[in-house]
Amino acid sequence: MSVWFKYRIVQWFVVMLLAAGAVLLTNSLLPALGPAIPVSREEPPAPAPDTQKPDGKPVDPQAAEPLSYRISEYHMNVVYLPDTKEIKGQQTLTWENPGTAPVQDLYLHLYPNAFESKKTTFMRESGGKLRQDEAKADSVGSMTLLSIKGEDGSDLQRRMEFVQPDDGNKDDHTLVKIPLPKPVGGGERVTIQTEFLVKLPAAFARMGYVGDFVMAGQWFPKVAAYEKAGTRGRTVEGWNLHQYHGNSEFYSDFGIYDVKIQVPAAYTVAATGFPVKPAVTENDMKTYQFYAEDVHDFAWSASPNFIYVEEPFSSPQIPGVKIKLYLDPNHKELKDRYMYAAKKALARYSQWYGTYPYSTLSIVVPPADGNGAGGMEYPTLVTAWGASEKNPDLELERVVVHEIGHQFFYGLVATNEFEEAWLDEGFTSYAEDKVMEAEYGVTPNLPIESSYITSPNALQLEAWKYDGHSEYADNVYTRAKLVLKELEKQVGSKTMDRIMNTYFQRWEFKHPSTKDFQKVVEDVTKTKWDDFFNQYVYGKMMMDYSVESIRVKPSGDKSAASYESTVLIAKHGGSSPPVPIQFHFTDGTTLDKTWDGAEASIEYKLTHTAPVDWVRVDPNYTLVLENKHINNYMQTEVDPTWKVRLNLGILQFLQTIFGWVSW
């Protein structure tokens, strides 16, 4: 999910003016952003939606060799009721026990219940707000299980109970336990049938409606993930159970989805997977049927206003995929920009990490006031920002590139977003920057971004344990990306490419952990990385090197005029080999040294014909994780009392400003 909000340009402008003024006081200007290069390419118009894969062969769900361990299989038949903004559905779920121990209970996520009152865990933690979108009076939603039956027709609903394993909040009904008539042994299957009714909220947090636009994400009774022993370091097999939190996203097992969706005849439906037959219209209602396999979720969107564009795409790593664009009319003239961004993102990610294995990729553009449903990823389907601007800047491309990146880190490498969100958000942000630089010439300003990190916290942390959404976003998106960039700086770009490719290839269609990524790093580099991971991944450190003091006195050499300058450099954060330091003398000469940073501080004594007049740590901003650049610099001439006050005052000011505009 993208946390870059639509109106950050104004905030960037304010921040840059304030930051530039402050940094000028210490003669420490940061490098400027590279120019934005918008690119568009003309493509021929696409035909109407069809029901075949790109190779033209009819669909045969049993023909392909499974790419994943298909633990769950869903068959759903649902109808959207526009007058009441409800989805009524029937679902047959078959679940296979992937472990060895008998399982007595099934657990289902009922995510729409996050919006049923202000007392739910999601609403308490989020305050009814996600990014810059806030709940309205009609942002109330729910899911009611109308019936739950076993294979033999037995009623399972009477014994079901809502559970709250994370916080004990009895007003939270996003996770339900369903006792089964008999245990399910290892490798055995169980089937349950449910009827359910979803009341959609006015969209502000992923799912919901905006006028006659519908975004159905996390909308059906979804079985929880069951982890075998050894998965993500787990010693005993069992369910991975969490409620829907203000910060958390999702986690589930791979499977098969066969979904029929009935909507008013004027509506067009975008969905995970591909249509298996033409939509059928009867009695002013249209029925679509979609099929998807080797995915861990299913989402769909519908609107009577979609402008549909389809284009085929292939690359050396992608034999063929249909890119399906569902445009809001306000952006009908921008189809080329969306398509170009999608093609370049797919090509780059497949080149760097591995083939996109699905036959379709759908991009949904919500209406102007639909940002609450925008900037989100689902298997084979992503949402862009709402179409509020006629000619948006490169945020249009960036959000498409980011969400398509999630097809690889979240979709294929299926990490646990509840407990280790950095493994999808941080990795996707890192990959997104690479695409934006390669295709649009936009180079990230890492010193500015590191300055945003005013409350660093561990990356391997349950999402709801961060102190609010800003701290969550600052860490799992920005700091996580910076950690990967620092790793790249230390190992070199070619080795980093091998690390990322090896990680993807090793863990595609599986559920890795942070420890699994560390092992890949160590396998590729043949080096132990415990210190780095303990400081910056499992720990909450940033780098913080400061010029503590400069003392100058005559050297005492009577034969020639000379000065002894004593400079104290201190380390207040994590380590980084090496630490560059530049000394400048009043006669204009400079001296560059590097420090291994192993100790808490180092003192330099320099004898020269002129005194030192300033010292700067990291003059070229190579320390990616250095987030307090203001104390990297000190001048000899400034009165000591004023010097301390100046540094501390500007530092505190910048930290406050950057905390306000966190993305």
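Ala216 stands opposite Trp300 in β20. The model is predicted, with local features taken at pLDDT of at least 70, side-chain atom pairs counted only at pLDDT 80 or more, and totals for chains, interfaces and linings drawn from all residues. Residues are numbered from 1 along each chain as its sequence is written, and side-chain values use heavy atoms, with hydrogens and water left out.

Strand β11 (residues 213-216) and strand β20 (residues 300-303) run antiparallel and are joined by three bridges. Two strands pair if DSSP finds at least two bridges between them. Helices (H or I, at least four residues) and strands (E, at least two) are DSSP runs, numbered from the N terminus. Both strands belong to an open sheet of four, ordered β10-β11-β20-β16 with antiparallel pairing. The edges are β10 (208-210) and β16 (268-271); each has a single partner strand, so one side of each lacks a neighbour in the sheet. From one strand to the next the twist averages 15°, where axes are lines fitted to C-alpha atoms, for helices over the stretch in contact, and angles run from 0 to 180 degrees between N-to-C directions.

## Whole chain

The secondary structure comes to eleven helices and 32 strands. Of the 663 residues, 61% count as buried (under 20% relative accessible area; exposed is over 50%, partly exposed is in between; 1.4 Å probe, protein chains only).

Among contacts (heavy atoms within 4.5 Å) with a separation of 6 or more, residues 24 or more positions apart account for 74%. The chain exposes about 25,800 Å², and carbon and sulfur atoms supply 52% of that area. Accessible areas come from the Shrake-Rupley method with a 1.4 Å probe; for residues, only the protein chains shown count as cover.

## Strand β19 and its partners

Strand β19 (residues 285-295) has nine of its eleven residues buried, so the rest of the structure largely encloses it. β15 and β19 run antiparallel and are joined by ten bridges; the bridge partner of Gly255 in β19 is Val295. Strand β17 (residues 274-275) pairs with β19 in the antiparallel sense over two bridges, and Phe274 stands opposite Tyr291.

Strand β18 (residues 280-282) also pairs with β19 in the antiparallel sense, over three bridges, with Val280 opposite Thr287. β18 and β19 form a hairpin with two residues between the strands, where Asn283 takes a positive phi near 55°.

## Hairpin of β21 and β22

Strand β21 (residues 307-315) and strand β22 (residues 318-327) run antiparallel, joined by eight bridges. Two residues lie between β21 and β22 in this hairpin. Val309 of the pair stands opposite Leu325 in β22.

## Aromatic rings and charges

A pair of aromatic rings is described by the distance of the centres and the angle of the planes. The structure holds 53 aromatic pairs. Rings of Phe, Tyr and Trp (its six-membered ring) pair if their centres lie within 6.5 Å; planes under 30 degrees apart count as stacked, over 60 as edge-to-face and the rest as tilted. Tyr111 and Phe250 are edge-to-face, because their ring centres are 5.0 Å apart and their planes stand at 75°. The pair links distant parts of the chain, 139 residues apart: Tyr111 is in the loop between β3 (103-109) and α2 (121-126), and Phe250 is in the loop between β14 (238-240) and β15 (255-264). Both Tyr111 and Phe250 are buried.

A charge sits over a ring if NZ of Lys or CZ of Arg is within 6 Å of the ring centre and within 35 degrees of the ring normal. The charged end of Lys434 sits over the ring of Trp352, 4.8 Å from its centre. That of Arg616 sits over the ring of Trp614, 5.3 Å from its centre. Trp614 is also among the residues touched by His584, including Thr589, Pro611 and Asp613, not counting residues up to four places away in sequence. His584 is in strand β28 (residues 579-585) and counts as buried at 15% relative accessibility.

## Backbone exceptions

Most residues other than glycine have a negative phi, and most peptide bonds are trans. Asp294 is not a glycine, yet has a positive phi of about 60°. Asp294 lies in strand β19 and is buried at 3% relative accessibility. Thr380, also not a glycine, has a positive phi of about 60°. Thr380 is in the loop between β24 (376-378) and β25 (381-383), and is buried with a relative accessible area of 2%.

A cis peptide bond joins Pro577 and Pro578, with omega about -15°. Pro578 is found in the loop between β27 (563-571) and β28.
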